[in-house]
Amino acid sequence: MQSRACERCLARSWLLGRLAGHLDVVRERVAALLGLGCDELIAAVGGRERARIALELQRFDAARLRVACTAAGLQAICGCDRSYPRTVAELASAPGVLYVGGGLQRFLAAVGADPVALVGSRQASPYGIEVARSLGRSLGAAGITVVSGLALGVDSAAHAGALDAGAQTVAVMPGGAELAYPASRGRLHGRICATGAVVSELPPGCRPRRWTFLARNRIIAGLSAMTVVIEARSGSGSLVTASAARDLGRLTGAVPGRITSPLAKGPNQLLADGAAVIRGPRDVLDALYGAGERTIATTTVRPELPPELMSLLGAIGDGTDTVAGLAKAGYASDRALAAVASLELAGYIRREPGGRFTIMP
């Protein structure tokens with residue numbers, strides 16, 4: 001596999017891996033530090049190892065790193081290449097090198113046409129996961145590349161939804177691009193490599209550190225024309241991604257949630273700050289292209305509901321989400337049981353552990 005990264009940029013990326021432990025100590029300043037040159041970065045975080053690291057940098061062997069990329073099934077492209085993604089180059093601390101698994105040309109094509117980042121909590125609610133998967137599937141069916149971080153919860157659901165639609169999706173990794181993180185997402189990582197792409201600014205073999213999660217958020221935002229936050233607590237990394245998108249002048253959106261839910265605090269704050277309200281894929285496409293300018297391929301046709309079932313669906317959406325709760329709200333138990341079964345079969349709701357029901361997006 002041919003590398004399209006120059007020796008100088010490869011050396012800079014190698015240095016990030018070499019200083020990974022040092023950067024963890026100062027991770028609150030990582031955004032500014034990633035914009036420093038090699039000598040400045042060594043001086044800033046190298047500590048007692050400064051002289052040794054500087055000597056190792058002088059002896060850096062680009063050929064050896066290129067061999068490691070090939071062995072890991074990765075290709076590299078640096079900011080000196082005219083094909084380097086323009087949207088990523090706009091970052092104040094743009095990665096010198098992007099290491100790509102799944103095919104460099106496929107990656108460049110996938111991120112060249114208004115990708116959308118779908119991000120959110122690792123500990124998402126069943127509703128949040130359903131929304132993420134549904135948005136990923138519908139946007140994928142509309143020809144949109146979905147970008148996320150392969151994390152548990154919202155990220156993985158968004159990738160899976162895009163794959164359900166046979167669409168391309170791009171995962172930005174917190175360590176080497178060839179390494180699935182978390183390891184439990186190894187199969188999903190492989191599926192993405194087979195049809196889309198995985199990408200990282202870190203050389204192969206680098207393990208995730210706490211700072212690398214913060215750093216990869218800016219790449220997710222940089223790759224995307226719009227960033228949508230689905231569920232996120234206050235202080236979530238997803239809000240860092242949205243902030244990076246705003247700094248770039250990109251669109252941001254959020255899925256509104258219940259004001260009593262901690263998972264809704266992040267999206268609701270974004271909405272209060274002016275992010276677009278995202279109630280479904282149509283809102284995303286309208287924000288990107290203008291109202292009605294881009295069509296959505298319908299992947300699931302659900303039957304229209306009679307008034308009684310519509311009323312019941314509304315009650316479930318308002319939080320009366322068990323048969324017992326519906327009975328207390330005035331719905332006869334036997335009729336409520338039959339009605340929720342009809343809604344479930346029609347694809348409007350999904351049964352969760354504990355006998356609760358969640359509305360399908």
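This is a predicted model: local features need pLDDT of at least 70, side-chain atom pairs count only at pLDDT 80 or more; totals for chains, interfaces and linings use all residues.
The largest nonpolar core takes in 39 residues, and the members touching the most others are Leu10, Leu19, Leu23, Leu41, Val97, Tyr99 and Trp211. As for where the core gets its residues, helix α1 (residues 7-18) gives the most, with 5. Apart from this core lies another one, made of 29 residues and including Tyr84, Val100, Ala110 and Ala232. Back in the largest core, valine 97 is a handy place to look around. Setting aside neighbours within four places in sequence, valine 97 is in contact with Ala5, Cys9, Leu10 and Ser13, with Ala76, Ile77 and Cys78, and with Ser200 and Glu201.

Helix α1 turns up again in the aromatic pairs. There are 2 such pairs in the structure. In one of them, the ring centres of tryptophan 14 and phenylalanine 60 sit 5.9 Å apart with the planes at 45 degrees, so this pair counts as tilted. Tryptophan 14 belongs to helix α1, while phenylalanine 60 is in the loop between α5 (50-58) and α6 (62-71), so the pair ties together parts 46 residues apart in sequence. The two partners can also be described by their accessibility: tryptophan 14 is partly exposed, at 23% relative accessible area, whereas phenylalanine 60, at 13%, counts as buried.

Next comes helix α13 (residues 237-247), whose buried residues are Ser238, Thr241, Ala242, Ala244 and Ala245. These residues are on the same side of α13, because the arc they cover around the axis is only 160 degrees. In general, an α-helix has 3.6 residues a turn, so residues three or four places apart point the same way. Just after α13, glycine 249 adopts a positive phi of about 80 degrees.

On the cysteines, the disulfide count is 0. Cysteine 38 is in no disulfide, and the nearest cysteine sulfur to it, that of cysteine 9, is 9.2 Å away. Cysteine 206 is likewise in no disulfide, its nearest cysteine sulfur being that of cysteine 69, at 10 Å. With a relative accessibility of 15%, cysteine 206 counts as buried.

Two further positions round out the picture. Histidine 159 is placed in helix α10 (residues 154-164) and counts as buried, with 0% relative accessibility. Beyond its neighbours within four places in sequence, histidine 159 is in contact with the run Val147, Ser148, Gly149 and Leu150, with Thr169, Val170 and Ala171, and with Leu188 and Ile192. Leucine 74 is in strand β1 (residues 74-78), where its relative accessible area of 2% makes it buried. Glycine 149, one of the contacts of histidine 159, is 75 residues from leucine 74 in sequence, and the two C-alpha atoms are 18 Å apart in space.

Definitions and conventions: Residues are numbered from 1 along each chain as its sequence is written. Side-chain values use heavy atoms; hydrogens and water are left out. A nonpolar core is a set of buried Ala, Val, Leu, Ile, Met, Phe, Trp, Tyr and Cys residues joined through side-chain atoms within 4.5 Å. Buried means under 20% relative accessible area, exposed over 50%, partly exposed in between (1.4 Å probe, protein chains only). Helices (H or I, at least four residues) and strands (E, at least two) are DSSP runs, numbered from the N terminus. Contact means heavy atoms within 4.5 Å. A disulfide is a pair of cysteine sulfur atoms within 2.5 Å. The arc is that of the directions from the helix axis to the C-beta atoms. Rings of Phe, Tyr and Trp (its six-membered ring) pair if their centres lie within 6.5 Å; planes under 30 degrees apart count as stacked, over 60 as edge-to-face and the rest as tilted.
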